[in-house]
Amino acid sequence: MPHRSYSEELRFAIDAVVEASKICRHIQSTEGFAELSKNDKSPVTVADFGSQAVVCKAIQEAFPGDPIIAEEDSAALRLPDQISVLERVVKEVKTIIPAASSDEVLSWIDQGVSRDAAPRTWTLDPIDGTKGFLRKEQYAVALALLVDGQVQVAALACPNLDTAESDEVGFVFSAVRGEGAFVAPISNPNDRQPISTSDCTVASQARFCESVESGHSDHSWSSDIANALGISRDSVRLDSQAKYAVVGRGEAEIYLRLPTKPGYIEKIWDHAAGCLVIEEAGGKVTDIHGYPLDFSKGALLAENQGVIATNGTLHDEVVAAVKKFNN
Ligand SMILES: Nc1ncnc2c1ncn2[C@@H]1O[C@H](COP(=O)(O)O)[C@@H](O)[C@H]1OP(=O)(O)O
Ligand SMILES: [Mg+2]
Ligand SMILES: [Mg+2]
Ligand SMILES: [Mg+2]
């Protein structure tokens, strides 16, 4: 079968996450933006809703009929006591789409409520790492296209990520399966340069990263694993799929996401874009048992537990160390 080109979807996905980043940056630069608490006690902000509205509207226009599995829905914004939050979301969306009405914004957000597997579906995390966003640290806008349960296209904007090479802040990572992984400044998204994972083959020299939040990944377990691998430097802690980006561009070798409680099932929007970026950069991503992440089950990574992402060469050794310390 001839290789299907995804160049249109790739260009679209990069533009969409870059536009959404503008809303997020604008909101982050203003004081006192509203924060709501979801049923699971996790935070959601005006920026999460605004980002989801503009990306879902863009998908609906460019690829009508494609379902979207996105994190947020509009239920909280429809409550009468949240009218001021809705007004703020609409005001921010209008900076990108001047004619947007409240009803339209609510319906664009709800384009993302699909939860079932489909032959072709987008998955969106409008702000991944909302806690990092609130701390003015790392967060990401993550969009991926799944075809027959496989991630084929990824765009991952990291608006607060910097680089040692220049003063630039804010990068967009992107990949199409089989075509490599790339990075561009958010300020010039067409300037895509290839990235690759580090060629480190000595585990004791590896740099590893993990969540800031100890509720999202078990820090004491990861420190046991680091010790077992002979790694003496501390982990770099950062929020969001920026961790996949950092491993993808060769600035760390290992990203560990180790389950903190048995019942938590990872969501596809937290991993799809980052996973393809690392794989196309030459790295490897599995769960803590060494199984590939299975994106074919709808919104949840129901077949997997936790995540191990590496530069590739160290993968088997890291999986073995995690297994050894799996208590
Ligand atoms: N117990 C948990 N284990 C792993 N990930 C979690 C847990 N609770 C929330 N998350 C998700 O972790 C992501 C942030 O990861 P990180 O800490 O690496 O930045 C969020 O998308 C959040 O999802 P959500 O906010 O939808 O509940
Ligand atoms: Mg997330
Ligand atoms: Mg989110
Ligand atoms: Mg969230």
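This is a predicted model: local features need pLDDT of at least 70, side-chain atom pairs count only at pLDDT 80 or more; totals for chains, interfaces and linings use all residues.

Biologist: Into which domains does the assignment divide the protein chain?

Modeller: The assignment gives domain 1 (7–195) and domain 2 (203–324). Their C-alpha centres lie 22 Å apart. The contact takes 37 residues from domain 1 and 27 residues from domain 2.

Biologist: Which elements supply the side of domain 1 that touches domain 2?

Modeller: Elements that give two or more residues to that side include β3 (68–70), β4 (120–128), α5 (130–134) and β5 (140–147). The most comes from β6, with 7 residues. By class, this side of domain 1 has 21 nonpolar, 7 polar and 9 charged residues.

Biologist: How many residues make up the largest nonpolar core, and which of them touch the most other members?

Modeller: This core has 104 residues, and V17, L143, L156 and V277 touch the most other members. Helix α1 (residues 7–28) gives the most to the core, with 11 residues. At least three residues come from each of domain 1 (7–195) and domain 2 (203–324).

Biologist: With which residues is V277 in contact, leaving aside its neighbours within four places in sequence?

Modeller: With those neighbours left aside, V277 is in contact with A154, L156, F173 and A175, among others. The list also includes A181, Y244, A245 and G248.

Biologist: How should I think about a helix such as the one that holds V277?

Modeller: As a general idea, an α-helix has 3.6 residues a turn, so residues three or four places apart point the same way. In this structure, 9 of the 9 residues of helix α8 (residues 272–280) are buried, so the helix is largely enclosed by the rest of the structure. Among these buried residues are A272, G274, V277 and the charged pair E279 and E280. Just after α8, G282 takes a positive phi of about 105°.

Biologist: Let us turn to strands. Is β4 largely enclosed or exposed?

Modeller: Of the 9 residues of β4, 8 are buried, so this strand is largely enclosed by the rest of the structure. β4 pairs with β3 in the parallel sense over 3 bridges, and I68 stands opposite W122 in β4. β4 and β5 run antiparallel and are joined by 7 bridges. There, D125 stands opposite A142 in β5.

Biologist: What is the strand order of the open sheet of 5 strands?

Modeller: The order is β11-β10-β12-β14-β13, with mixed pairing. At the edges stand β11 (236–237) and β13 (284–286), each with a single partner strand, so one side of each is left without a neighbour in the sheet.

Biologist: In which sense do β10 and β12 pair?

Modeller: Strand β10 (residues 208–210) and strand β12 (residues 254–257) pair in the parallel sense over 2 bridges. The bridge partner of F208 in β12 is I254.

Note on methods:
Residues are numbered from 1 along each chain as its sequence is written. Chains are lettered from A and ligands numbered from 1 in the order in which they are written. Domain bounds come from an automatic or database domain assignment. Two residues are in contact if their C-beta atoms, placed from the backbone, lie within 7 Å. Helices (H or I, at least four residues) and strands (E, at least two) are DSSP runs, numbered from the N terminus. A nonpolar core is a set of buried Ala, Val, Leu, Ile, Met, Phe, Trp, Tyr and Cys residues joined through C-beta atoms within 7 Å. A residue is buried if 20 or more other C-beta atoms lie within 10 Å of its own, exposed if 12 or fewer, and partly exposed in between; C-beta atoms are placed from the backbone. Two strands pair if DSSP finds at least two bridges between them.
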